Each structure stands twice: as structure tokens, then as C-alpha cells.
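Reader: I am new to structures. Please show me how to read one.

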Amino acid sequence: MKLSTGKEDKPFFTGRGRIDMRSRKASKEKVMKAAIDLFNVQGYSGTSVRDIAAKADANVALISYYYGSKQGLLEHLMTDFLEGYVGAIERHTNELEETGAGAALLGAIWDVLAYQQRRHHLARFAHREITLDTTLVRELMTTYLTKEKSLYKRIVRAGFEKGEFRHPPNDYWILQLRGMLILPFLHPQYIREVYHLMPHENHFLTKYYEELTGWLSQLYKGEIPKGLLRH
């Protein structure tokens, strides 16, 4: 279930005339990119709609038309990110019967990491925004993050019941897992400056996943099959 994410594409006119479909799509993507960049640097409160329009080289009216307000743009960015984030886990949960829990868990972990890396600027902003106590964040937690927890629980419970995993799901284990999955994308500057590692590079993703599977081995009965480790 999505929160309100702006108006659907339809004919739009400015003082300079009609904007065609491709131009509107390009303009919306430029607006989203500009907003993410500015929110990361200046913060949400320190950024105005005019700042976003200027950076995106877009008409202020276009932003107001599609998102209603800066708050509407924020809701769109957050729900867009979390739809893909939770969707990466849900795809593997839906394939539990075919793949088994061991493969589903590793697949979900890899896809969550890869998704965040592909959208690392938005991931940083979204994860940081979720640390705030706002009405929007509470709605997002109810809609998406509670679902994230239940999907991980479903995978681990299935693995335990079928003898693939050593223990049933518990909240502390899921908290540890989630913390490790989001840390590189919530704190990329810390990782670059202190560890001289680059979370946006593919080499980092591969090595980080390898270390995560080492931590995960305590869950599996016996060694993790090598065929499951390849992504």
C-alpha cells in the first residue's frame, strides 16, 4: 500500500506552452535528483521548493502540480525508496516454497544491499529521515518497516521449521541483521573517511556480502552451500 505520491502524468501547461510526455518524465526525474542532493546537503528544512526548481532547471509550478508541496515531494521520495527496499525482500519471501529458506534469505540480503547501492543518495536520505519522530515516519514504519520485520521473520521461521536453520526468528537477531544491511548506506562518509572504503563501488558490495554470510553461518545447520553464496 502506497501513501500519496503525487499526480499521475497528464497534459500540463506552463507559460511557455505544453510540456510533452518525455519532457515531463525527464523533468520529474531531474526534480527528484535535485531534491535528494539538496536534502542530503542542506537538510529538508533548509531546502525550499525554489531551491529544488533552480537546481533541476524546472518550473516551480511543475513541482507544485505533481507533488502539491515540498512535503508531497518528500512523501514521494520516501515511499518510492521503501517500495523498492521492502519489495526486494518480498520477492524472495514469495518464492520460499520453490527455493527454500536458506536461498531466500541470502537472495533477499543481496538484493537489499544491491538496491541500496544503486540508489545510494536516496538511501542515505531515507534512512536518515526515518530516525526522526514525525507523522510521516510513523506512517512509513507502520506501512513498510513493520512489514520488513515480518518478512524476515517468515523466512527464518520457515527455515527453522524445515530444519535449515538452528533457531526460530527473534527480534534481536533481526535488529542486528537490519543494522548491518543499512549501515554502509546510512553512514557512507564515515566509511570513506575512517575505513577508506567506498560503499558505492561493486567491490565493496561483494566483500561486504561475503563478511555478512560469515555472520549468517551461525544460523544455518552445517555450512552454507556454496551454490547459495553466488550472486
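Reader: How many helices and strands are there in the protein?

Author: Helices (H or I, at least four residues) and strands (E, at least two) are DSSP runs, numbered from the N terminus. Here there are 11 helices and 2 strands. Along the sequence, the pattern is β-β-α-α-α-α-α-α-α-α-α-α-α. The model is predicted: local features need pLDDT of at least 70, side-chain atom pairs count only at pLDDT 80 or more, and totals for chains, interfaces and linings use all residues. Residues are numbered from 1 along each chain as its sequence is written, and side-chain values use heavy atoms, with hydrogens and water left out.

Reader: Is Asn40 buried or exposed?

Author: Buried means under 20% relative accessible area, exposed over 50%, partly exposed in between (1.4 Å probe, protein chains only). Asn40 has a relative accessible area of 13%, so Asn40 is buried. Asn40 belongs to helix H1, residues 21-42. In the protein, 45% of the 231 residues are buried.

Reader: Which residues does Asn40 touch?

Author: Contact means heavy atoms within 4.5 Å. Leaving out residues up to four places away in sequence, Asn40 touches His121, Arg124, Phe125 and Arg128. A polar atom of the Asn40 side chain lies 2.9 Å from the backbone oxygen of His121.

Reader: Where is Leu197?

Author: Leu197 sits in the loop between helix H10 (188-195) and helix H11 (202-216). Leu197 is partly exposed because its relative accessible area is 40%.

Notes
A polar contact is a pair of N or O atoms within 3.5 Å; within protein, one must be able to donate a hydrogen and the other to accept it, and residues adjacent in sequence count only if both atoms are side-chain atoms.
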